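Good morning, everyone, and thank you for making the time.

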Amino acid sequence: MISIKVQSEDFDISAELAALSAGNTQIGGIASFTGLVRDIAGPMATASSMTLEHYPGMTEKQLSAIAREAMERWPLDACLIIHRFGRLMPGDRIVLVATASAHREAALSSCAFLIDWLKTKAPFWKLEDDGSEQRWVAAKDSDDEAAAKWAAETRSD
């Protein structure tokens with residue numbers, strides 16, 4: 001099962017994780033990552049907000065492709081990606097990635113893969129605002145390096 005949600009509203013982590021495994025007693029582990037808006041960002045001393053933009057339709061298609069790749073690389077029972085857009089404040093949840101598998105290693109590795117892939121392949125743009133100036137967030141070399149390790153690896157059971 002793959003579930004992709006691109007939304008402006010917040011999400012309930014507990015409810016989403018419960019739904020991921022509902023009715024499937026073959027699942028032995030769920031791994032998840034929740035990304036939050038920080039109040040310290042890039043060259044700005046503080047960020048009072050972040051605005052995330054995306055292309056509807058294209059974004060869901062790309063997130064689905066990323067999730068399908070995870071399902072092909074690892075023996076997963078379920079994969080969830082929730083990504084928010086719009087204006088978010090420090091402490092707000094941005095993203096939830098979760099994977100479910102019979103075995104923890106598949107769940108943990110695939111969850112790490114998904115978040116690394118999202119940072120480099122998902123069509124989202126982030127605008128930081130410190131209250132007096134706005135600045136687009138540039139891609140980081142460290143994100144590209146994290147994604148590159150997955151490009152070189154094959155599926156791991």
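Let me begin with the rule for a disulfide, which is a pair of cysteine sulfur atoms within 2.5 Å. By that rule the count here comes to zero disulfides. Cysteine 79 is in no disulfide, and the nearest cysteine sulfur to it, that of cysteine 111, is 8.7 Å away. Cysteine 79 is buried, with a relative accessible area of 0%, and cysteine 111, at 5%, counts as buried too, where buried means under 20% relative accessible area, exposed over 50% and partly exposed in between, with a 1.4 Å probe and protein chains only.

A word on provenance: this is a predicted model, in which local features need pLDDT of at least 70 and side-chain atom pairs count only at pLDDT 80 or more, while totals for chains, interfaces and linings use all residues. Residues are numbered from 1 along each chain as its sequence is written, and side-chain values use heavy atoms, with hydrogens and water left out.

Now to the rings. Rings of Phe, Tyr and Trp (its six-membered ring) are taken as a pair if their centres lie within 6.5 Å, and planes under 30 degrees apart count as stacked, over 60 as edge-to-face and the rest as tilted. A search of the whole structure finds three aromatic pairs. In one of them, the rings of tryptophan 74 and phenylalanine 113 have their centres 5.3 Å apart and their planes at 55°, so this pair is tilted. The pair links distant parts of the chain, 39 residues apart, with tryptophan 74 in the loop between helix 2 (58–73) and strand 4 (76–84), and phenylalanine 113 in helix 3 (residues 104–121); helices (H or I, at least four residues) and strands (E, at least two) are DSSP runs, numbered from the N terminus.

Phenylalanine 113 also forms a tilted pair with tryptophan 117, 4.9 Å centre to centre and with 35° between the planes. Both of these residues lie in helix 3, four residues apart, about one turn of the helix. Trp74, Phe113 and Trp117 form one aromatic cluster.

What sits over the ring of tryptophan 117? The charged end of arginine 73 does, 5.9 Å from the ring centre, the criterion being NZ of Lys or CZ of Arg within 6 Å of the centre and within 35 degrees of the ring normal. Likewise, the charged end of arginine 93 sits over the ring of phenylalanine 11, 5.6 Å from its centre.

Next, the cores. A nonpolar core is a set of buried Ala, Val, Leu, Ile, Met, Phe, Trp, Tyr and Cys residues joined through side-chain atoms within 4.5 Å. The largest one has 27 residues, and those with the most contacts inside it are Leu63, Ile94, Val97, Leu114 and Leu118. Its largest share, eight residues, comes from helix 3. A second, separate core of nine residues includes Phe11, Leu20, Ile27 and Ala100.

Finally, helix 1. At the start of helix 1 (residues 13–21), a side-chain oxygen of aspartate 12 reaches to within 3.0 Å of the backbone nitrogen of serine 14. Helix 1 is followed by glycine 23, whose phi is positive, near 80°. Glutamate 16, which is found in helix 1, is buried, with a relative accessible area of 15%.

Conventions
Polar contact = N/O pair within 3.5 Å; in protein donor to acceptor, adjacent residues only side chain to side chain.
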